[in-house]
Amino acid sequence: MKIVRFEKDGLVRYGRMDGETVKEIAYSPFCAKWREDRPEYTGEQFSVSEIRLLVPCEPTKYIGVGLNFEGAARTLGREAPAYPITFMKPSGAVIPAGASIELKERADADYWFEGELAVVIKKNCRRVKRADAYDYIAGYTCTNDITNMAEFGHDDLKLKAADTYGPTGPCMETSMDPNCCRIRSWVNGELRQDGNSSEFIFDIPYMIEFISDTMTLYPGDILAMGTPAGAGPCRPGDRLRIEVEGIGILENTVVSVK
């Protein structure tokens, strides 16, 4: 099931998306009343053109896994990690499909796009064991981990955590195999990344156990699982397209800000 969060007539709602049609659901998929096997609908239905799509969840934080593809590590001249490399973006970094990625004008700028599969957390997740990890997942979505490479090793906030550095969407898919899905990225229509989640060094259950042992994950939190080889520069004017098999297409345009 593809779930979207959207705004219509000033109200934020959730819906089930089938093609170009969105059928409004009565409850948030993160509340206790939600049943995926028996969803309740309000009777309202809209075309995608009538609504404004939002990020499909409301995260308190966005946690990413660095160098989680051996091929990506190799292209950067680095060893595949033996221990997870993690980082965090605040909720203000997370923007929906169609929103603009704002990059500051700088002489030393080196901004990169990174297409990724993201996990959306369903309920409070603290000290969860690998065997139980999937019970804490609401679904999966696409994300673009924007990175200011000029700040690598200098300022982690400016490296990963700036406003608009976490485009996410357009929907949350609740029923798919996240362990074998194609992840592709285009810049201005040119294919730059073509990988598969089967290449993860650290898989999803491992990362949920690893992170939740240190901090609580809350409903709607995002876990970005790393990017395949091919991530690279982006600049104002570029159109970035991320596609994760089974989920959909996340598109955003890069703009320049002072």
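Q: What makes β19 and β20 a pair of strands, and in which direction do they run?
A: Two strands pair if DSSP finds at least two bridges between them, and six bridges join β19 to β20, which run antiparallel; Leu240 stands opposite Asn252 in β20. Strands are DSSP runs of E with at least two residues, helices runs of H or I with at least four, both numbered from the N terminus. The model is predicted, so local features need pLDDT of at least 70 and side-chain atom pairs pLDDT 80 or more, while totals for chains, interfaces and linings use all residues. Residues are numbered from 1 along each chain as its sequence is written, and side-chain values use heavy atoms, leaving out hydrogens and water.

Q: What lies in the turn of the hairpin that β19 and β20 form?
A: Three residues separate the two strands, and Gly246 in the turn has a positive phi of about 90°.

Q: How do you know that β9 also pairs with β20?
A: Five bridges join β9 (residues 100–104) to β20 (residues 248–257), and these strands run parallel; Ile101 stands opposite Val254 in β20.

Q: Why is Thr141 called buried?
A: Because buried means under 20% relative accessible area (exposed is over 50%, partly exposed in between; 1.4 Å probe, protein chains only), and Thr141 has 0%, Thr141 is buried.
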